[in-house]
Amino acid sequence: MYRKVPFIEQMEDSECGIACIAMVLGYYGTFVSLHEIRERYGISRGGSSLLQLINISSGYNLISKAFKTDFEQLLNLPLPAIAHWEEKHFIVIERIGKRSVTIVDPSFGRKKISREEAQGLYSGFVLCLAPGESLEPRKTKSKWSFFLTIALKQPKWLLYILGVSLALQSFGLIAPKLTAYTTDHLLLNSSQDKASIIAVALLSLFIFFELFSMLRGWLLAKLQSAMDLLMMETFIGKLFRLPYSFFESRTGGELLFRTNANVYIRQILSNRMVSIIIDFILLISYAVLMFTSSVSLGSMVIGVGIGIFSILIVTTMVTQQFASREITEQSKTQSFLAECIYGITDIKLLGAENHLFGTWGRLFRNQLRTTQKRNIWISLLDSFSTGIQFILPLLLLWAGSGAVIQGDMTLGGLLGFNALAAAFMIPIVSLGSAYTQLLSVGSYLQRMQDVVEAKPEQEGGEAVTSLQGRIEMNNVSYRYSPFSSDVLCNVNLEIEPGEKVAIVGPSGSGKSTLIKLLLGLYRCTEGEIRYDGRLIDELELSSLRRCIGSVLQDTRLFQRTVEENVRMLDEHIPLERVVEASMMANIHDEIMKLPLGYASVVSENGTSLSGGQRQRLLLARALVNRPQVLLLDEATSALDNLTQAEIDRALSVMKCTRLVVAHRLSTVINADRIIVMSEGRIVETGTHQQLLAKKGLYYQLYMSEEEKEHELAI
């Protein structure tokens with residue numbers, strides 16, 4: 001029997017390559033998480049090339065070699081191997097048979113397809129991998145540790161629920177005995193002497209059963225609420241502390257899907273953790289009672305139960321594949337819909353509603369087909385177990401009739417045994433269902449681990465309460481991943497307190513990246529950044545950013561009031577400061593014209609405001625904390641020259657350090673110094689007049705802008 005490649009699901013479309021590397025490593029006994037590979041190699045949203053996969057595999061001590069070959073020649077290559085699929089995807093070829101090919105696709109799992117279909121999907125490139133001598137075995141990490149830790153932090157509620165559940169299930173042990181007693185002493189003897197006693201017993205049994213059921217429901221609700229609070233606080237708290245690059249490489253819809261998955265996981269854990277323990281206890285109790293009543297009948301029932309449980313366990317692999325595919329399709333549909341909602345303005349402008357509706361429809365139909373297949377499969381399994389449970393009482397009556405006729409068992413004893421056998425089958429089916437659910441939860445847990453295992457943006461650091469405004473960049477270089485070229489290369493820059501510095505240059509020259517480095521959103525690949533002589537890596541980033549007023553190109557407004565948008569829910573900032581910042585941003589008068597002034601609600605992303613109003617409101621947010629440093633990336637691009645000049649005069653009064661990125665050069669003419677960038681390097685530095693006199697890149701940019709404005713004027 002050949003070894004199987006462990007399935008590791010990709011979290012994003014771009015991660016198929018590294019997921020294949022992780023699966024091959026797992027095949028050779030070295031289990032590496034996708035998160036670790038991402039952290040080490042910084043995979044971009046664009047995915048991985050074959051050359052990058054070779055470098056990654058070499059980093060994990062795998063011997064790799066890529067081939068361009070036709071499908072038939074794959075028979076002569078060692079497997080498993082990573083193949084390029086459908087011209088856009090990577091999969092692992094696990095086995096090639098005479099008629100079929102077994103592949104492990106990181107998007108949905110193991111699949112067997114015909115050789116003809118595989119030949120059509122194969123793109124012609126394959127990466128063969130073998131373990132190097134220094135490849136060290138690594139055990140896989142449990143996906144359950146985080147959530148079990150949270151569940152076990154509620155020992156009081158778990159013990160209460162366990163105790164009440166045991167008391168509740170004990171009624172299941174009483175019912176068969178009561179059935180046998182009623183049949184033998186009331187029905188067969190035709191005696192009414194004990195009828196009132198049995199009636200009282202039945203009524204008491206019902207009352208206690210209802211009371212314990214309600215108590216268990218109340219305790220379960222308490223446990224779920226406690227787990228919800230702790231789980232969501234832990235998860236969201238961890239999510240908010242992750243670095244900016246984490247959110248850049250994942251869609252908002254996918255992250256929302258993972259957040260919502262907490263509820264499903266909690267429901268399974270809180271219900272199933274206790275029920276699994278109780279089911280095992282009940283199975284043992286029922287088995288002992290059945291053997292006590294009849295060894296032959298007890299053996300038959302237990303044999304049937306083992307058969308049902310074995311079938312449920314054996315078929316769970318198929319169930320897990322259906323569950324993984326369903327979750328993947330749900331995630332794709334939700335991510336696409338979230339992107340459409342966020343980008344509805346562009347969709348309307350392009351008139352692409354019908355096209356995108358069709359795309360969503362295809363995704364949703366794929367999701368429904370997968371869900372339908374899973375439901376049909378589950379219903380087939382359920383019908384099988386239900387059929388066994390249906391026929392078992394009749395089978396026992398037939399099998400036990402001989403014992404009753406021979407006098408080895410009373411009729412009441414047989415009916416009581418029948419009730420006991422029916423009760424025995426319930427935890428058998430429950431355990432099989434629990435196992436299936438726990439496997440389906442595994443797909444959710446893998447997505448949750450992506451957040452839980454990710455390293456936070458920062459741990460520790462010196463808190464920053466104020467800044468003088470001196471900024472230094474010494475030999476700073478930055479690239480997004482080890483495989484990409486430098487976005488910034490050997491940048492040296494010193495900015496004095498109170499100085500206004502403008503950064504200009506062609507698109508893609510690294511201006512926005514430089515600002516994000518100064519904010520600590522990106523970390524330098526090489527070099528260092530200092531604020532007032534202190535290394536940025538040694539400062540607490542959240543407190544540093546509070547001392548910096550910043551507006552980036554992708555800064556957004558929230559669906560809150562104007563006042564809340566300016567002070568960003570900080571209750572310590574009074575309305576007077578909000579008004580002051582709004583006046584400096586030249587937006588106060590327009591706010592007062594709104595129906596409720598500062599209490600007016602801004603629509604999501606500020607779509608109810610003009611572009612210039614949005615920019616000025618964001619600028620007010622940057623100014624409300626009276627920062628010592630201002631970092632503005634195209635923060636006033638939608639403003640006219642007059643408004644821009646008024647804002648510039650107001651900011652000059654603050655005497656804070658300003659670093660301004662601008663494409664419109666007329667807005668930075670009065671800067672103390674202008675930095676000109678090209679291809680990630682600083683190529684010119686000086687005042688407006690000095691740079692014009694050099695007749696270099698700045699001169700070309702400025703003259704080009706002057707020509708465009710002249711043409712527009714004509």
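How many residues apart are Trp360 and Phe364 in helix 13? The two are four residues apart in that helix (residues 353-405), so about one helical turn separates them. Helices (H or I, at least four residues) and strands (E, at least two) are taken here as DSSP runs, numbered from the N terminus. The model is a predicted one, so local features need pLDDT of at least 70 and side-chain atom pairs count only at pLDDT 80 or more, while totals for chains, interfaces and linings use all residues. Residues are numbered from 1 along each chain as its sequence is written, and side-chain values use heavy atoms, with hydrogens and water left out.

Now for the rings. A pair of aromatic rings is described by the distance of the centres and the angle of the planes. Rings of Phe, Tyr and Trp (its six-membered ring) pair if their centres lie within 6.5 Å; planes under 30 degrees apart count as stacked, over 60 as edge-to-face and the rest as tilted. The structure has 10 aromatic pairs. One of them joins Phe71 and Tyr122 edge-to-face, at 6.1 Å centre to centre with 65 degrees between the planes. This pair ties together distant parts of the chain, 51 residues apart: Phe71 sits in the loop between strand 1 (62-68) and strand 2 (81-85), and Tyr122 in strand 6 (residues 122-131). Both Phe71 and Tyr122 are buried, meaning under 20% relative accessible area, with exposed over 50% and partly exposed in between (1.4 Å probe, protein chains only). Trp360 and Phe364, for their part, are stacked because their ring centres are 5.1 Å apart and their planes at 10 degrees. Trp360 is partly exposed at 25% relative accessible area, and Phe364 is partly exposed too, at 29%. Elsewhere, ring pairs link Tyr244, Tyr478, Tyr480 and Tyr522 into a cluster.

Next come the strands. Strand 7 (residues 471-478) is largely enclosed by the rest of the structure, because six of its eight residues are buried. Strands pair if DSSP finds at least two bridges between them. Strand 7 pairs with strand 8 (residues 488-495) in the antiparallel sense over five bridges, and Ile471 has Ile495 of strand 8 as its bridge partner. Strand 7 also runs antiparallel to strand 10 (residues 526-531), joined by five bridges; here Asn474 stands opposite Glu528.

Finally, helix 18 (residues 575-584) has buried residues at Arg577, Val578, Val579, Ala581, Ser582 and Met584. Just after helix 18, Asn586 takes a positive phi of about 60 degrees.
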